[in-house]
Amino acid sequence: MVFLAELVNPNVSISAIMPELVVALAGIVAMVYDSFFPNQRRVTGIVSLIGLAAAGAILGMMWMSPQPASAFNGMVVHDNLRMAFSFVFLLVTAMTILISTVWMDNEHVPAGEYHSLLMFAT
C-alpha cells in the first residue's frame, strides 16, 4: 500500500534537458526524412548539423543564464562540468558527421539511419 506522504515531487524541468531534446528531435527528423526520400543523402547530414548547432546555441544560452542547480531529483545537474562535456559531445558528433560523408558514399551506408544513430547516441 502506497501512502501519499511517501511520494516525492519529481522536480521536472524541461529547460534543463532542452539541448538533449533538440538533438533527439533532429535525429527523428533525419530518420523520417530518409524514409520518405532515401536518395537525398546530404539533407539528413544538414538536418543533423543544424540540430547540433541549435543544441549548442541553447547550451550556450543555458551556460550564461542562471538555472536551477538540478532537475529530475538530481539526475540532471546544471554545472560547468555538464556544460563542458555537452559541448565536447556536440563538437565530436558534428566532426563525425562531416568526416564520414565520403565514407558513407563509398560504402553505400543509409545516411538517414547513420545520422539518426549518431544523434541518438549523442
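Predicted model: local features only at pLDDT ≥ 70, side-chain atom pairs only at ≥ 80, totals over all residues.
Figure 1. Among the contacts with a separation of 6 or more, residues 24 or more positions apart account for 70%.

**Figure 2. Secondary structure and overall dimensions.** The secondary structure of the protein consists of five helices and two strands, and the elements, taken from the N terminus on, follow the order α-α-β-β-α-α-α. The radius of gyration of the protein is 18 Å, well over the 14 Å given by the globule rule for 122 residues, so the protein is more spread out than a compact globule. The C-alpha trace spans about 60 × 40 × 15 Å along its principal axes.

**Figure 3. Helix H5 and the helices against which its buried residues pack.** Helix H5 covers residues 111-121, and within this helix Ala 111, Gly 112, Tyr 114, His 115, Ser 116, Leu 118 and Met 119 are buried. An α-helix has 3.6 residues a turn, so residues three or four places apart point the same way.

**Figure 4. The packing of H2 with H5.** The axes of H2 and H5 lie 8 Å apart and the two helices pack at an angle of about 15°; H2 and H5 are therefore roughly parallel to each other, and their crossing is right-handed. On the H2 side, Arg 41, Thr 44, Gly 45, Ser 48 and Leu 52 take part, and these residues meet Ala 111, Gly 112, His 115 and Met 119 in H5. Ala 111, Gly 112, His 115 and Met 119 are also among the buried residues of H5.

**Figure 5. The packing of H2 with H3.** The axes of H2 and H3 come within 10 Å and cross at roughly 165°, which makes H2 roughly antiparallel to H3. H2 passes H3 in a left-handed crossing. From H2, the contact is made by Gly 45, Ser 48, Leu 49, Leu 52, Ala 55, Gly 56, Leu 59, Gly 60, Met 62 and Trp 63, while H3 contributes Asn 80, Arg 82, Met 83, Ala 84, Ser 86, Phe 87, Leu 90, Thr 93, Ala 94, Ile 97 and Leu 98. Gly 45, Ser 48 and Leu 52 of H2, which take part in this contact with H3, also meet residues of H5.

How values were computed:
Residues numbered from 1 in each chain as written. Heavy atoms only, no water. Buried < 20%, exposed > 50% of the residue type's maximum accessible area, 1.4 Å probe, protein only. Helix = DSSP H or I, 4+ residues; strand = E, 2+ residues; numbered from the N terminus. Rg over C-alpha atoms; globule rule 2.2 N^0.38 Å. Contact = heavy atoms within 4.5 Å. Axes fitted to C-alpha atoms, helices over the stretch in contact; angles between N-to-C directions. Parallel < 35°, antiparallel > 145°, perpendicular 65-115°, else oblique. Left-handed = near helix turned anticlockwise from the far one by under 90°.
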